[in-house]
Amino acid sequence: MKASWLMGVVAAAFLVPADARAAAEARTIEIAVTNAGFEPARGKVTQGVPLKLVVTRKTADTCAKEILIPDENLKAELPLNKPVTLRFTPKRTGEIRYSCGMNMITGVLDVGSSDGGAPSKRLGTRDGQQAPEGMTGMS
């Protein structure tokens with residue numbers, strides 16, 4: 001009886017779509033927008049591990065009424081006191097920078113390799129050279 005139950009669970013795992021499994025396994029990081037900026041302003045994530053950023057603007061006294069993540073081509077409005085979820089999977093090691101729409105309030109996600117190594121270069125570059133600052137690449 002126990003063996004057939006276990007086989008059923010294993011079979012069900014293969015029937016669940018990959019996107020659903022990835023969403024269930026996503027790492028969640030909560031970021032608040034306060035008078036001090038993005039809190040936390042720096043976080044560590046892992047290359048290849050799905051990420052779910054939940055951003056909540058908790059003050060009206062800020063220019064961070066939207067968040068931009070150029071390296072992931074993401075942009076989202078941040079309504080006051082309403083969590084906004086952004087999902088993506090970091091594909092390379094290095095830094096993923098995020099900012100308000102005016103690039104005045106910023107934060108960084110440090111992407112380490114899935115084998116535990118330290119970030120090797122800034123995300124958004126192919127040869128390890130520093131990528132230009134700014135909001136280029138956004139549509």
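## A buried aspartate as the point of entry

At 13% relative accessibility, Asp-110 counts as buried, a class that covers residues under 20% relative accessible area, with exposed meaning over 50% and partly exposed the range in between (1.4 Å probe, protein chains only). The structure is a predicted model, in which local features need pLDDT of at least 70 and side-chain atom pairs count only at pLDDT 80 or more, while totals for chains, interfaces and linings use all residues. Residues are numbered from 1 along each chain as its sequence is written, and side-chain values use heavy atoms, with hydrogens and water left out.

## Overall architecture

The protein chain contains two helices and nine strands. Helices (H or I, at least four residues) and strands (E, at least two) are DSSP runs, numbered from the N terminus. Along the sequence, the elements follow the pattern α-α-β-β-β-β-β-β-β-β-β.

Of the 139 residues in the protein chain, 37% are buried. The chain exposes about 8500 Å², and carbon and sulfur atoms supply 56% of this area; accessible areas come from the Shrake-Rupley method with a 1.4 Å probe, and for residues only the protein chains shown count as cover. A contact means heavy atoms within 4.5 Å. Among contacts between residues at least 6 apart in sequence, 62% join residues at least 24 apart.

## Confidence of the model

The predictor's confidence in each residue is given as pLDDT, from 0 to 100. The mean pLDDT of the protein chain is 79, and 65% of its residues reach 70 or more.

In residues 18-22 the pLDDT stays under 50, and the model has four contacts beyond four places in sequence for them. The pLDDT is also below 50 over residues 119-139, a stretch with 51 contacts in the model beyond near neighbours in sequence. Where pLDDT is low, the predicted coordinates should not be read in detail.

## The salt-bridge network

A salt bridge is a side-chain nitrogen of Lys or Arg within 4 Å of a carboxyl oxygen of Asp or Glu. The count by this rule is three. Arg-42, Glu-95, Arg-97 and Asp-110 are linked in a network of salt bridges.

Glu-95 pairs with Arg-42, their closest N and O atoms being 3.0 Å apart.

Glu-95 is buried at 18% relative accessibility, whereas Arg-42 is partly exposed at 47%. Arg-97 is partly exposed as well, with a relative accessible area of 27%.

## The aromatic pair

Rings of Phe, Tyr and Trp (its six-membered ring) pair if their centres lie within 6.5 Å; planes under 30 degrees apart count as stacked, over 60 as edge-to-face and the rest as tilted. A search of the whole structure finds one aromatic pair. Phe-38 and Tyr-98 form this pair, which is edge-to-face, with 5.1 Å from centre to centre and 80° between the planes.

The pair links distant parts of the chain, 60 residues apart: Phe-38 is in strand E2 (residues 37-39) and Tyr-98 in strand E8. Both Phe-38 and Tyr-98 are buried.
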